[in-house]
Amino acid sequence: MQKPGAREFELSDEEVAQEYDSGNGTVFLDRISWALSYLTNSGLAERPRRGVYKNTDKAQRFLNKSSEEIQQFVKDQMALRAAEQKAEQGVEDDRPELLPTSNQTPQELLNAAHESIRQSTYDQIIDTVLSKTPLEFEGLAARSNLTLNKPKCGKDSTVVFVLTL
């Protein structure tokens, strides 16, 4: 499936081999996997056995439709499926569904969310450290096993302290 798909979308070998920054596999195969999952869950494909996918009769009616129409149908079916699962479980939840609204896969959305959380945490730590008095900072550094290296002079004559964990 990888080679015919790459040919269909005119992807270079580099694009097919591109890996996530996390090292958790290639983007191309991940997107194929999620697409097959969405098609199967929306009733457009079935999986008679492992690694084998087959178009359903419903999918045959979509052969002449645009990709936008197919994507909208899949999104609608996934939302309907999620609502049915909530109803079966008796869950009343007003939170919006976490369905992809862009061309990102769920893995890419998770990676972006992780990076956002990491950056937010980093910003909070920096804000906290910078709000401390010199005495509080020394106590924080001592409790956190931080090493305050010899200060360096920056280009604009500011003194820069380098912290090492």
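How many residues does helix H5 have, and how far does it reach from its first C-alpha to its last? Let's take that one together. H5 covers residues 67-89, so to speak 23 residues in a row, and it reaches 33 Å from end to end, C-alpha to C-alpha. That is close to the 33 Å expected at 1.5 Å a residue. Keep in mind, everyone, that this is a predicted model.

Okay, what is buried in H5? Phe73, Val74, Met78, Ala82 and Lys86 are. The buried residues of this helix pack against two others, helix H3 (27-41) and helix H4 (57-60).

On the H3 side you'll find Val27, Asp30, Arg31, Trp34 and Tyr38, and they meet Pro106, Gln107 and Glu108 of H6. Sort the residues of that contact and you get four nonpolar, one polar and three charged.

Let's zoom out. The chain has seven helices and six strands, and along the sequence they run α-α-α-β-β-α-α-α-α-β-β-β-β. Of its 165 residues, 18% count as buried. The chain exposes about 13200 Å², with carbon and sulfur atoms supplying 53% of that. Okay, that's me done!

Note on methods
Residues are numbered from 1 along each chain as its sequence is written. This is a predicted model: local features need pLDDT of at least 70, side-chain atom pairs count only at pLDDT 80 or more; totals for chains, interfaces and linings use all residues. Side-chain values use heavy atoms; hydrogens and water are left out. Helices (H or I, at least four residues) and strands (E, at least two) are DSSP runs, numbered from the N terminus. The expected span of a helix is 1.5 Å times one less than its number of residues. Buried means under 20% relative accessible area, exposed over 50%, partly exposed in between (1.4 Å probe, protein chains only). Contact means heavy atoms within 4.5 Å. Accessible areas come from the Shrake-Rupley method with a 1.4 Å probe; for residues, only the protein chains shown count as cover. Ala, Val, Leu, Ile, Met, Phe, Trp, Tyr, Cys and Pro count as nonpolar, Asp, Glu, Lys and Arg as charged, and the others, Gly among them, as polar.
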